[in-house]
Structures are given as structure tokens and as C-alpha cells.
Amino acid sequence: MSLLYLSPELLLMIGNSVEAEKDLNSLCQTSKKSYDLLNPYLYRTNTNSPKKSSALIWAAIKWSEATARMSLQQGGDVQWIDDEGRNLVILAMGSWNETENLHVLAVIPVNIAMRSAGRPLARRP
């Protein structure tokens, strides 16, 4: 039986039983139905995992607005700071190609976070 024929409830149960994020991501990619149903769950799982908000961090480095939006909608940590004190702005700017147009600064995940969450980006000491 194909996954396409399973009810949404069964697909969610299967998704909930998958332990590794990479395996859940693979399951999301098996069909449009599984992607639409399980992708938000994948991002929610990511925000609660030991790699907390790694999707949002990846979005900052890769300048992926869609990934940033989904991560933020599912609880991504806008105020994330690594062990070296770098926040999302620093990561995004570190991967910025100066030959690109400046208007892309408006779509980096950090700016999306500022506009949608209305919270400061860095924790104050």
C-alpha cells in the first residue's frame, strides 16, 4: 500500500514515531501530501531538538527566506547565540556575497524575524 492512500492521522502517527530529523525529512519528501502534512511538524521538532533552531541557523547562513519563515512559525529561536557569541545577523552577514544587490538584506531571516516577532535579536547582558 502506498503512503498516498493513508489517512492524515496515520501519516502523523508515522511521522511522530520517526526519531531522527533526517528520517522525518526523508518522509516529508516522499509525496506532496506527506510534505504538506509533515513539514510543519519537522520544523516544530527541530525547534525542540538538541540542535535547537538549526533550521533557522541554516536559513541565516543560506539566506533562505522560506526556511526562516517556516522555522519562525514553528518556534525558531530569534535570539539564538552560539558559543562564540555570534547571532543570526553575524552568521548571515558572514555568508553574504558583496556582489549581490543590497536589497536582499531585507529578506535575510534576521530581518524577517525582526518584522514578524518584534523582539530584539540579541540577548542583553
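In the predicted model, helices α2 and α3 are roughly antiparallel to each other, a term applied to angles over 145 degrees. Their axes come within 8 Å and cross at roughly 160 degrees. Axes are lines fitted to C-alpha atoms, for helices over the stretch in contact, and angles run from 0 to 180 degrees between N-to-C directions. The crossing in which α2 passes α3 is left-handed, that is, the near helix is turned anticlockwise from the far one by less than a right angle. Helices are DSSP runs of H or I with at least four residues, numbered from the N terminus.

Helix α1 (residues 8–17) also packs with α3, at an angle of about 50 degrees and with the axes 10 Å apart. The arrangement of α1 and α3 is therefore oblique, the class left once angles under 35 degrees (roughly parallel), over 145 (roughly antiparallel) and 65 to 115 (roughly perpendicular) are set aside. α1 passes α3 in a right-handed crossing, for which the turn is clockwise.

The largest pocket holds about 370 Å³ of space. A pocket is an open set of points on a 1 Å grid over the protein atoms alone, where a 1.4 Å probe fits, with protein on both sides within 12 Å along at least five of seven lines; lining residues have an atom within 4 Å of a point. Of the 20 lining residues, Glu21, Asn25, Leu42, Asn46 and Ala55 are the closest to the centre of the largest pocket. Two or more lining residues come from each of α2 (21–28), α3 (32–47) and α4 (54–62), and α3 gives the most, with six. By class, the lining comprises eight nonpolar, eight polar and four charged residues.

α4 is followed by Trp63, which has a positive phi near 60 degrees. Val78, in the loop between α5 (65–73) and α6 (88–94), has a relative accessible area of 1% and is therefore buried. Val78 lies 8.1 Å from Leu56, C-alpha to C-alpha, at a separation of 22 residues in sequence.

Residues are numbered from 1 along each chain as its sequence is written, and side-chain values use heavy atoms, without hydrogens or water. Local features need pLDDT of at least 70 and side-chain atom pairs count only at pLDDT 80 or more, whereas totals for chains, interfaces and linings use all residues.

Note on methods:
Buried < 20%, exposed > 50% of the residue type's maximum accessible area, 1.4 Å probe, protein only. Points joined across faces, edges and corners; volume = space filled by probe spheres on them. Nonpolar A, V, L, I, M, F, W, Y, C, P; charged D, E, K, R; others polar.
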